[in-house]
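Colleague: Could you take me on a close look at one part of this model, and then link that part to the rest?

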Amino acid sequence: MVKLPTRVYLGHGTLCTLLLLLQDVASAQNLTNSQISDVETRLAEGATHPWELGTRAQALLEHDVQTFSVFSLIIPSTSVSSNTSSAIAPVFSIAKGVVNNRTASNGNITGPQPLVADDSAADPASIGPAVLLANWTNLGDGVDYAGAALDQLNFLYEKVPKTSDGAISHRTGEVQLWSDFVYMVPPFLAYYGLLTNNQSLITDAYTQIKLYRNYLRDTSAGNLWAHIVLGTNSSGVANDPGHWSTGNAWAAAGMLRVLATIQSSPFASDMSSEQDDLSDWVFEIQTAMYPHLDTSSNLFFNYADEMNTFLDAASTALLASTVYRLSLLRGVHHYLPDAEKCRQTLFSSNSSGLVHFSSDGWLTPVVNPDSFGDEGSDSPESQAFILELQAAWTDWVNDGSQGANGASRSDSVNEATIVVAALSVFWMLL
């Protein structure tokens, strides 16, 4: 914590000290524009897999084009203003590139098909909201976004295997459920329902989350979610009953996107119980996860309750973003102090620069995005998580930092008090 001097003397040196104090406090609160630019550049360079493209699109909407994000809680405009055209262009570029290439990717088939051919049934759907938004805003570029989105939707319902009670598989080759699915598929179903005024689709987004929770929630581990269940390994991926931190964060973040979509829809009043459930389930994951936060580093282990696994900044960032979002959407503030500790740790700096970023802007330490049991580097999804954390925190601050006084006071809240005190002293000296 920055400490004010015990005595203040009028003069140029005093004013400089106060200005430096304010500058130091402000820098502890936020990444600079240059640092954010590095994060976005690395994300753009690295995102190639379907889930990375979908997550990049979502992160850009939340951070750069808030009025087109589901967290704006409004149905988006059908046109893009000149003020937002450049910011939203990368999102539309993702959608256009994927849709233009899908015929070749899928072997020139027609009818139900994923946006990208993949062993995962879920990951290509993560790009769906960007495709839907490109269609909604009438880009006029001759690309059949509507047809591509419909084929992706029909693929999920008609071609992908399901459990006996209707949970859509995360994999195409067999029924296998992954926690990641909750971020990839339900937000697409809900957004499709929002833009087509289809309550059944929004309801099924909720139902898919409910089914996945029934299968993956481990009540013997304090409600942490398992990573992968069911299946016989015929699809090439073995079950993973461990409590993967990123998987828990994926699930909570996906639930919040569906919750925000419901709140934005004309069906919000009819779906109050579903909103209550989603809010409770996000909080349930936060309550399961935060007791496992490593207090010496303010990071989660790759597997939340396995201290012999490596520390992971990626899951730490994404789960922290869910705390600010839940505070904004539902007034649930309980884990704000934990989220603030994590955010400040992730964005901390020393004389060499940002502690948890490489010199060119990659978050570290992180899980290998292609091998979830191994530590990696240069992770595109991690870059997206940082943008989502920054966006969620900024929205929370712009909304008045609601709940900061009701929760245990974190360093940033105390620093905000210091800023006010410093400004008061500054004005008294003028």
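This is a predicted model: local features need pLDDT of at least 70, side-chain atom pairs count only at pLDDT 80 or more; totals for chains, interfaces and linings use all residues.

How many residues line the largest pocket, and which of them lie nearest its centre?

Modeller: Happy to. Numbering starts from 1 along each chain as its sequence is written, and side-chain values use heavy atoms, with hydrogens and water left out.

Now your pocket. The lining of the largest pocket consists of 23 residues, and Trp51, Asp123, Trp178, Pro369 and Asp370 are the ones nearest its centre. Two or more lining residues come from each of helix H3 (50–64), strand S9 (366–368) and strand S10 (371–376). Here helices (H or I, at least four residues) and strands (E, at least two) are DSSP runs, numbered from the N terminus. The space in this pocket is about 390 Å³. Sorted by class, the lining has 10 nonpolar, six polar and seven charged residues. For that sorting, Ala, Val, Leu, Ile, Met, Phe, Trp, Tyr, Cys and Pro are nonpolar, Asp, Glu, Lys and Arg are charged, and the others, Gly among them, are polar.

On a 1 Å grid over the protein atoms alone, a pocket is an open set of points with protein on both sides within 12 Å along at least five of seven lines, a cavity is a set where a 1.4 Å probe fits but cannot get out, and lining residues have an atom within 4 Å of a point. Points are joined across faces, edges and corners, and a volume is the space filled by probe spheres set on them.

By this rule there are four cavities of 30 Å³ or more. The largest cavity holds about 80 Å³ of space, and its lining includes Gln58, Leu61, Pro187, Tyr191, Arg257 and Thr261. H3, which also lines the pocket, gives two or more residues to this cavity, as do helix H5 (128–136), H8 and H10. Its lining counts seven nonpolar, three polar and one charged residues. The second largest cavity is about 70 Å³. Arg257 lines this one as well, together with residues including Glu62, Arg325 and Glu388. Helix H12 (313–330) gives the most to its lining, with four residues, and the lining has six nonpolar, two polar and four charged residues.

Pro365 belongs to the loop between strand S8 (353–354) and S9.

The structure has nine salt bridges, each defined by a side-chain nitrogen of Lys or Arg within 4 Å of a carboxyl oxygen of Asp or Glu. In one of them, Glu340 pairs with Arg343, with the closest N and O atoms 2.8 Å apart. These two are three residues apart in helix H13 (residues 336–346), so about one helical turn separates them. Buried means under 20% relative accessible area, exposed over 50%, and partly exposed in between (1.4 Å probe, protein chains only). H13 is largely enclosed by the rest of the structure, because 10 of its 11 residues are buried.

Another bridge joins Asp151 and Arg102 at 3.0 Å between the closest N and O atoms. Asp151 sits in helix H6 (residues 145–158) and Arg102 in helix H4 (residues 85–105), so this pair ties together parts 49 residues apart in sequence. Asp151 and Arg102 are both buried.

Asp240 is buried yet has no salt bridge, and the nearest side chain of opposite charge, Arg171, is 13 Å away; Lys and Arg count as positive, Asp and Glu as negative, and His and the chain ends are not counted. Asp240 lies in the loop between strand S4 (228–229) and helix H10 (245–264). Leaving aside residues up to four places away in sequence, Asp240 touches Ala226, His227, Ile228, Tyr303 and Phe372, where contact means heavy atoms within 4.5 Å. Leu230 is in that loop between S4 and H10 too, and has a positive phi near 70° though not a glycine. Its relative accessibility of 33% makes Leu230 partly exposed.
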